[in-house]
2 protein chains.
Amino acid sequence: MNSLDVCLSPELMHLFDVRSKTVVVADILRATSCMVTAFAHGVKSIKPYADLESCRNSKTPDIYIAGERNGEKVEGFDLGNSPFEYMAPELYGKIIHMTTTNGTQAIERSKESARVFIGAFLNLSALAAAVQQENRDVLIVCAGWKGKVNLEDTLFAGALAHLLKSHFNFACDAPLLAEALYLQSKNDLTEAVSHASHARRLNRLNIFKDISFCLTADQYAVVPYLENGILRV
Amino acid sequence: MNSLDVCLSPELMHLFDVRSKTVVVADILRATSCMVTAFAHGVKSIKPYADLESCRNSKTPDIYIAGERNGEKVEGFDLGNSPFEYMAPELYGKIIHMTTTNGTQAIERSKESARVFIGAFLNLSALAAAVQQENRDVLIVCAGWKGKVNLEDTLFAGALAHLLKSHFNFACDAPLLAEALYLQSKNDLTEAVSHASHARRLNRLNIFKDISFCLTADQYAVVPYLENGILRV
């Protein structure tokens, strides 16, 4: 039986050998939720950038650039970090270059792995099926907040671990811990996350509609994956 | 109001500025539980060593050396890592030099802080009182297992955070997460930890008696602290 592990912060990535693993990257609020939403609405590809200026400089008339730092859209970028922006009809068939505080950094650190999937509550069941088909050890990487562990990504890791537990061995305590936390909160994830630091930090930005949407399971069946540095479905 | 935060692994210590903080180091299975037990039974001081050979070479007729790696006593050392060893009457008034896989490494990384306390379930209430008296921001450092997050240290962090929450603000999501996990399991910590990796890893070493003891709250009122590299009470 393959193993499943959870890396609760990108700062712990060096403890895991990802080369033969399927890695699922999750930045629930809100980078990977935006990515999944974008692909579900017909976006052709997303190129993640860890660095803000490289992303900004990649702008051409055919490319939409998306930039978020500290929870806010960066000035001069076409798109920010609300999933609702990624439902716009004009994005159909288009290319996005994206940089975010945590999510795109976590993708950067995962790219040595055999396969990188983009995970969110929004594509949870489709993702679980895709992970099983890959038939390798799995590492769920929580993007966290500037290196620190956060609640919403841990809850997601727990939800995915719970879905996959009959097919994988839990490799250490992190999946156990994440699953326990998820099972405790699953009937009202929004309530649980409303106490978390992300919600408190961004209160003034009126993101509760975003949070509620990002915690909704199985809105979409797309499973973005990384290929030569570019996300596709 | 001062803040309380939890560092779930020593590998995340660089994200926290500990210089003006009270740090509580916990390695529940079993280094800090052994330390608390030792002081409760009259040990005079404990000098933690991050390095095995330095600890071994510090042996003199007056000094007991304690060495554990990967859950087992190291050959040639006087003491291992079971709290019951530290109840021996002959240790009364004696000096111990100790090195362990995780706990003494976590102490090493905490020593820049304003105050280092040694925490365990065994001294939980006395520790909470001591932390409050210090009147500074608090960081609970979980020793984990070789850099990875573990269940028992997270549960301890949650128990202490829960005791202190009316006096401190939670600084980020880690205390929230640890507290939720503790509240879920507090009526049967031994059952919760029996599924954890430490218990599974050391099953063959018959440590269930140790685990059950190490998860018992308030056996002792001693609160060891670090002073010039040496633990005292």
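## Backbone features in the loops

A:Asn228 is found in the loop between strand 10 (225-227) and strand 11 (230-232) of chain A. The model in which this residue is described is a predicted one. The phi angle of A:Asn228 is near 50°, a positive value in a residue other than glycine. With a relative accessible area of 76%, A:Asn228 is exposed, because exposure is assigned to values over 50%.

A positive phi is also found in chain B, where the value for B:Asn70 is near 55° and the residue is again other than glycine. B:Asn70 has its place in the loop between strand 4 (63-69) and strand 5 of chain B. Its relative accessible area is 40%, so B:Asn70 is partly exposed.

## Cis peptide bonds

In chain A, the peptide bond that runs from A:Leu29 to A:Arg30 is cis, and its omega is near 5°. A:Arg30 is placed in the loop between strand 2 (22-26) and helix 1 (31-40) of chain A.

Chain B has a cis peptide bond from B:Leu29 to B:Arg30, with omega near 5°. The loop that holds B:Arg30 lies between strand 2 (22-26) and helix 1 (31-40) of chain B.

## Helices 5 and 6 of chain A

Helix 5 (residues 151-164) of chain A and helix 6 (residues 173-185) of chain A have axes that come within 7 Å and cross at roughly 95°. The two helices, helix 5 of chain A and helix 6 of chain A, are therefore roughly perpendicular to each other, since angles of 65 to 115 degrees are counted in that way.

On the side of helix 5 of chain A, the residues that meet helix 6 of chain A are A:Leu151, A:Thr154, A:Leu155, A:Ala157, A:Gly158, A:Ala159, A:Ala161 and A:His162. Helix 6 of chain A contributes A:Pro175, A:Ala178, A:Glu179, A:Leu181, A:Tyr182, A:Leu183 and A:Ser185. Sorted by class, this contact of helix 5 with helix 6 of chain A has 10 nonpolar, four polar and one charged residues.

## Helices 4 and 5 of chain B

Helix 4 (residues 124-134) of chain B packs against helix 5 (residues 151-164) of chain B at an angle of about 55°, and their axes are 10 Å apart. Helix 4 of chain B and helix 5 of chain B are therefore oblique to each other. The crossing of helix 4 of chain B past helix 5 of chain B is right-handed.

Helix 4 of chain B brings B:Leu124, B:Ser125, B:Leu127, B:Ala128, B:Val131 and B:Gln132 to this contact, where they meet B:Phe156, B:Ala159, B:Leu160, B:Leu163 and B:Leu164 of helix 5 of chain B. The contact of helix 4 with helix 5 of chain B has nine nonpolar, two polar and no charged residues.

## B:Leu151 and its surroundings

B:Leu151 lies in helix 5 of chain B. Its relative accessible area is 7%, so B:Leu151 is buried. Leaving aside residues up to four places away in sequence, B:Leu151 touches A:Asp173 and A:Leu176 of chain A, together with B:Leu181, B:Ala192, B:Val193 and B:Ala196 of chain B. Between B:Leu151 and B:His14 there are 137 residues of separation in sequence and 21 Å in space, C-alpha to C-alpha.

## Aromatic pairs

A pair of aromatic rings is described by the distance of the centres and the angle of the planes. Over all chains, the structure holds six aromatic pairs. For B:Phe84 and B:Phe213 the ring centres are 5.1 Å apart and the planes stand at 40°, so this pair is tilted. The pair links distant parts of the chain, 129 residues apart: B:Phe84 is in the loop between strand 5 (72-73) and strand 6 (95-99) of chain B, and B:Phe213 is in helix 9 (residues 208-214) of chain B. B:Phe84 is partly exposed, with a relative accessible area of 29%, whereas B:Phe213 counts as buried at 12% relative accessibility.

B:Phe213 also forms an edge-to-face aromatic pair with B:Tyr220, with 6.4 Å from centre to centre and 65° between the planes. B:Tyr220 counts as buried, at 17% relative accessibility. In chain A, ring pairs link A:Phe84, A:Phe213 and A:Tyr220 into a cluster.

Terms used: Residues are numbered from 1 along each chain as its sequence is written. Chains are lettered from A and ligands numbered from 1 in the order in which they are written. This is a predicted model: local features need pLDDT of at least 70, side-chain atom pairs count only at pLDDT 80 or more; totals for chains, interfaces and linings use all residues. Side-chain values use heavy atoms; hydrogens and water are left out. Axes are lines fitted to C-alpha atoms, for helices over the stretch in contact, and angles run from 0 to 180 degrees between N-to-C directions. Helices (H or I, at least four residues) and strands (E, at least two) are DSSP runs, numbered from the N terminus. Angles under 35 degrees count as roughly parallel, over 145 as roughly antiparallel, 65 to 115 as roughly perpendicular and the rest as oblique. A crossing is left-handed if the near helix is turned anticlockwise from the far one by less than a right angle, and right-handed if clockwise. Contact means heavy atoms within 4.5 Å. Ala, Val, Leu, Ile, Met, Phe, Trp, Tyr, Cys and Pro count as nonpolar, Asp, Glu, Lys and Arg as charged, and the others, Gly among them, as polar. Buried means under 20% relative accessible area, exposed over 50%, partly exposed in between (1.4 Å probe, protein chains only). Rings of Phe, Tyr and Trp (its six-membered ring) pair if their centres lie within 6.5 Å; planes under 30 degrees apart count as stacked, over 60 as edge-to-face and the rest as tilted.
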